[in-house]
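Subject: The structure, and what turned up in it

Hello,

Here is the structure I promised to pass on. Have it open while you read, and my notes on what was found follow just below it.

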Amino acid sequence: MNTQFKDLKKLGDKVNACTRCGFCTYYCPIYHETREEGNVSRGKITLVQEVLKGNLDLNGDLLEKLESCLLCKTCVVNCPSGVELDKIIVSARADYVGHKGLPLLERIVFRYILPRRQLFGWLLRLVARIERVLPRSDRSGMIRHLPEFARGLGRGRNVPRISNRFLRDRLPSVIHPPRGVPVRGRVCFFAGCGMDYVYPQDGLDSVHLLNRLGIEVVFPHDQGCCGVAVMLNGDFVTARKMALETARVFESCDTVLTGCATCGATLKGYRTYLGDTAATQYRLDRLGDKIKDINEYIIDVLGMPGQTFQVRPEFKGMRITWHDPCHLGRYQGIWEQPRRILKALPNVEFVEMPDADRCCGMGGSFSITHYELSQQIAQKKADGIRASGADLVVTACPGCLVQLNDIMLKNGLPQQAIHIAHLLA
Amino acid sequence: MTTQFSDTFNPPLAAEDVLAGEADCRSYSYEIANGRTHRPEAVVFPRNAAQVANVLLYSRQTGIGIIPRGAGTRPFLGTAPPRGVVMSLAKMDRIVRIDKGNRIAVVEPGVTLARLRQSLAAEALFLPPYPYAFETATVGGCAANCTGGPASLKHGVFKQNVLGMQLVTGGGAIMEIGAYTMKNVVGYELSTLLCGSEGTLGIITRINLRLASLPADSQTLMAAFDTLIQAGEAVQTLAELENPPDRLAIIDPWMLTWLARHQPADPFPPQGAVVLCQTAGIESIMARNADYMRDQLESRGARSIKTFSNTDSAETLWQIRAAGLEALNRGDHAVTTADMSIPRDKAVALMTRFEEISRRYDLPITNTGHSGSGVFQPVIVSDPPKRSRTNATRQALADMSDTVLSLGGYVSMTYPCLGIERAKFNRPAPAGLDKVFKSLKAVFDPYGTLKPGHSF
């Protein structure tokens, strides 16, 4: 048998737990649209088993199937046999990369750009310049329409502009609570690329929200990208480097907060995939233990009652609804905390949208490689938002924000999606 | 293969409806005996009866067998043809019509039960059968396999809900059989023949379903017993009620232990046996029925009875039970199952003998099924699979089959089992019937297109 599948082998017999019952076909957003077995958990597991048996080559054709997964974990949490498809997929991708290497573009982005925050920053500033000439999708001009030549990133996609001032350029190293507010704690803040480069206002709002609660926030300026795309696409070597660098940057912190569900899940998730030695595992475990999502921190750690908060004046009188990012709910088990905050807010009415926890279809790079499919999936969210009667969609993930705002604009819906930190006054 | 297909078909199938790549075909590998899998040459997704007929024509011309498939919630049964193409009905999934006044729905075979249930509920209707795969199975699959489940005591098995269908025979003819009404005796009743024919006679392309009014609400009782036999007798009693439960099921000791170990939200007691029964309808009737059922359960020795007073609170119970049954077929156990049905009043005798067999061979035998209708799907759990275990399993299965036959029942091998031929365990067809079955197969599928080698 092949010795090459070392990451899949680590899962041992768990790969054989699938009973082919097909419950996953009910939950998989991709299967809903395509009805193809290769696009659902059951089919993918069959393929992986065939690879391990030696009946199938781990080649490009198969990789395409492995890439056609949102890693939303809806199948995982509903599987009667407890099959963890996300681990199987990521391990298979890692084995592929280990055996065949990365495609050229990914190699350049993952190995040479993402880990180098200054280079990455400069490239993004360049892109920001270019974005200025793109047609506006909304009145504010904050969202632009991708031109035909960039259709590889998503034909007709509405994208938020890269900010002209990154979060890292707007924050000092330590941000203190306002005068008169007693300091009750100290945390470090991990921004992530979304908040750093695209939604710095949400980053500021997150930090200031914490300040108002008496929390002193430390912002290490040498922090970088969490590397989720690198890790989940199977480049464990680079991901490990980025993870250990992040661990180093936050070494002296006890608690690291993030406002991005994906970053949070990833920082907590390094320990699952990247521990190759006992020493590395230890460091990644330690880092993982420090990470808290901002909603989790406010409710579980600070024990704040929901009544603590108000909404900004521009949101008063609105009907609001919450979208559960996959990385917050299914990955981190954080469901109730944001709802407790939102339901207790005065001057707004909270409604649940149908299928609030359904994946928005972004899936990070999935929405680049499978834009049309990702839009079909997003359409279900737009339908849910419409049905909810809400004026505003609140969530805690920049990735979801991009996707939700794109699909709502496409549907001509008047709602917008915002980060919870921006909602709260 | 792809080019061949698009050339041959007229009207052609869309490019996205034909999969011929290695990975795609492998993902549709179907099981044959002994856990071996067979990879189809291609997978096609016809959208209408004409396309189905064209694929069957292609099959005739090339000799490549066709294996129909719905949601794939139950594995392919029987031997695999030397070459095969999987025909998935998953994309033929329109709900054509919901006729509220006549309580009939006309649906295409790929409609999942979940989607059908939602659409029917909006019209205050429902389809009574409640198989294990109650969300994901397709209507076509349910019809072709004549699925049963906990509702079958009161509502019958799937064929009781099929009034008629549109069919493409193995020979390629598109025909309407059965009726849109309760009765159509112009000619022979073919619709019932097709239910349970497992795709060997024709491909179902449209089904007329008999519906019921959606009950206002339901009450579910969860009764805990000390022994399986007690629970079995309780089920017997409930089955004999003038107004039997709408859903009835047993959860046996092995399954309870398994659920306690593996299901985080397990609401069932960890030992003994449980009877789950549901009565549905308007409040006053439901309450009276529930009281009556409670009395019966108590008189049979239930040590505790928990009442779930509405549908929502009880659904989790049924779902967890179904999930447990699905998970039972874990790939890492060597599990052997068979469909065994006996006259209802022999159920307790059967369960008693199965317990003896389980002790004799030191093999856990868990009873899925037994919803008071006399249909059992006992599962022999062999954990871990070992050579000696395999022999013990064969012996146990042989003893169980003998038991069933001696009680006047029938055994049909549902799953490929350790290389044992299905026919070996079935009661031999009464003289003459075998010939009739073969003739029927020849009439519907003269070229042996559908699941060649599977039956007759």
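In chain B, the side chains of B:Asp93 and B:Arg115 meet in a salt bridge, with 3.5 Å from N to O. The two partners come from distant parts of the chain, 22 residues apart: B:Asp93 is in the loop between strand 6 (84–88) and strand 7 (95–99), while B:Arg115 belongs to helix 4 (residues 113–121). B:Asp93 counts as buried, at 15% relative accessibility, whereas B:Arg115, at 30%, counts as partly exposed. Please keep in mind that this is a predicted model.

A second pair in chain B is B:Arg247 with B:Glu315, whose side chains form a salt bridge at 3.6 Å, N to O.

The side chains of A:Arg42 and A:Glu37 meet in a salt bridge of 2.6 Å, N to O. A:Arg42 has a relative accessible area of 2%, and because buried means under 20%, A:Arg42 is classed as buried. A:Glu37 counts as buried as well, at 3% relative accessibility. Over all chains, the structure holds 43 salt bridges.

Now to the place where the two chains meet. Here 30 residues of chain A are in contact with 33 residues of chain B. The area buried between the chains is about 2,400 Å², and carbon and sulfur atoms give 52% of that. On the side of chain A, the residues that lose the most area to chain B are A:Phe23, A:Tyr26 and A:Arg35, which together make up 22% of what that side buries.

How many salt bridges are there between chain A and chain B? The count is four. One salt bridge, between the side chains of B:Asp24 and A:Lys65, has an N to O distance of 2.9 Å. There is also a network: salt bridges that share partners join A:Glu50, A:Lys53, B:Glu22 and B:Arg26. As a general point, side chains of opposite charge can pair when their charged atoms come close.

Polar contacts across the interface of chain A and chain B come to nine residue pairs, with both residues at pLDDT 80 or more. Four helices of chain A each supply at least two residues of the side that touches chain B: helix 2 (24–27), helix 3 (29–34), helix 4 (41–53) and helix 5 (60–67). Helix 4 of chain A gives the largest share of that side, six residues. By class, the side of chain A that touches chain B has 10 nonpolar, 10 polar and 10 charged residues.

Finally, a few words on chain A as a whole. Its secondary structure comes to 23 helices and 11 strands, and its C-alpha trace spans about 65 × 50 × 45 Å along the principal axes. Of the 425 residues in chain A, 60% are buried. Among contacts in chain A between residues at least 6 apart in sequence, 76% join residues at least 24 apart.

Note on methods. Residues are numbered from 1 along each chain as its sequence is written. Chains are lettered from A and ligands numbered from 1 in the order in which they are written. This is a predicted model: local features need pLDDT of at least 70, side-chain atom pairs count only at pLDDT 80 or more; totals for chains, interfaces and linings use all residues. Side-chain values use heavy atoms; hydrogens and water are left out. Contact means heavy atoms within 4.5 Å. Buried area is the accessible area (1.4 Å probe) that two parts lose on being put together, summed over both. A polar contact is a pair of N or O atoms within 3.5 Å; within protein, one must be able to donate a hydrogen and the other to accept it, and residues adjacent in sequence count only if both atoms are side-chain atoms. Ala, Val, Leu, Ile, Met, Phe, Trp, Tyr, Cys and Pro count as nonpolar, Asp, Glu, Lys and Arg as charged, and the others, Gly among them, as polar. Buried means under 20% relative accessible area, exposed over 50%, partly exposed in between (1.4 Å probe, protein chains only).
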